[in-house]
Amino acid sequence: MDPELQRQLAERVRFYRELGIYDFYRRPLDIPAVSDFDPGPITDALSTTQEQRPTTETLLRVIREDIGDCTRCALHRGRTHIVFGTGDPHADLMFVGEGPGADEDAQGLPFVGRAGQLLNNMIGAMGLKREDVYIANVVKCRPPGNRTPEREESETCGPFLMRQIAAIQPKVIVALGATAAKFLLGLNDSMSNLRGRFYEISPPGAAAPSKLAVSYHPAYLLRDPRQKAEAWKDLQMVMRELGLKRK
Ligand code: SF4
C-alpha cells in the first residue's frame, strides 16, 4: 500500500477510535480512498454509538498525549511548558485566547497573569467560578515577546483546540480577541464588526454545534479599561444565552 495512503488511513482509524467507533466494515465492491470518507456519517455513527463514546476526560487526555513534547511549529523553541487548557471538561462555557504569555509559560496554565486575574473577575461577574468554565488558547506555546502567533503557527496548533472543543462540546465559546476570533471563525474582520452577535461553529467530530461570541482580550482591557463596559455587554449576551444570573 502507498505509504501516504497508509498514514492517512491510520490517522482516520485513530480519529474514529477517539470518537468511540471501533467497528469497521469493508465495502464489498471496492476499497474507498480516504478522501471518499464523507465526514457526514461520522456524526451519524457517533449518535448511534453514543454509549460507546469515551468520556470527555479520556478524549482530552488522548489529545494531550497526541500533542506530546510537540515540535510541530517554531513556537516550541522558546517555551517552558505546553499550556494545554484547564477547567471543567463538561463546561457549558469556554473561553479561548490567543496564546500563553510569560506567566502562563512558567506555570503551564492559561490566563494566570494579570490578564488572567481580570478574566477571573469577568467570570465572577457572570456568577461563575473559574473552575466552572474551560479555558484554552489557539496556540499552546508562548510566542516570543508575546507577539501575535503567525498564521502558520495557529493553523498547526489550532486543530488541537478544535479537538478540545469537539470533546468538551460547550454550549457557548467566547473568543477573546481578534486572533482567537479569526482562527475560530475563519473571518478577517474588525473587532467592532465581529462583536455583538452569535456565530455557530462545529468542529469535526462534535455532536452538536457551539455558539460563539467575540469579545475583547483581557490584556487589551488592561491597556484600555474604557472598553470594559463593552466587554461586559458581550458577557451579558452570553449570560442571557446560558440563562445565567448574577448572584
Ligand atoms: Fe506544538 Fe502547538 Fe507548541 Fe506549535 S504551539 S510547538 S503546534 S504545541
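**Salt bridges in the predicted model**

R195 and D234 are both buried, where buried means under 20% relative accessible area, exposed means over 50%, and partly exposed lies in between (1.4 Å probe, protein chains only). The structure is a predicted model, in which local features need pLDDT of at least 70, side-chain atom pairs count only at pLDDT 80 or more, and totals for chains, interfaces and linings use all residues. Residues are numbered from 1 along each chain as its sequence is written, and side-chain values use heavy atoms, with hydrogens and water left out.

The side chains of R195 and D234 form a salt bridge, with an N to O distance of 2.8 Å. This pair connects distant parts of the chain: R195 is in the loop between α8 (191-194) and β5 (199-201), whereas D234 is in helix α10 (residues 228-242), and the two are 39 residues apart. A salt bridge is counted when a side-chain nitrogen of Lys or Arg lies within 4 Å of a carboxyl oxygen of Asp or Glu. R195 and D234 also belong to a network of salt bridges that links them with E230 and K233. Over the whole structure, eleven salt bridges are found.

A further salt bridge joins R151 and E155, at 3.0 Å from N to O. Both residues lie in helix α6 (residues 151-168), four residues apart, which is about one turn of the helix. R151 is exposed, with a relative accessible area of 65%, while E155 is partly exposed at 46%.

E153 is paired with R147 in another salt bridge, and the closest N and O atoms are 2.9 Å apart. E153 counts as buried because its relative accessibility is 7%. R147, at 28% relative accessibility, counts as partly exposed.

The protein as a whole contains ten helices and six strands. Helices (H or I, at least four residues) and strands (E, at least two) are DSSP runs, numbered from the N terminus. Of the 247 residues in the protein, 45% are buried. A contact means heavy atoms within 4.5 Å. Among the contacts with a separation of 6 or more, 72% are between residues 24 or more positions apart. The accessible surface of the protein is about 13,200 Å², and carbon and sulfur atoms account for 50% of this surface. Accessible areas come from the Shrake-Rupley method with a 1.4 Å probe, and for residues only the protein chains shown count as cover.
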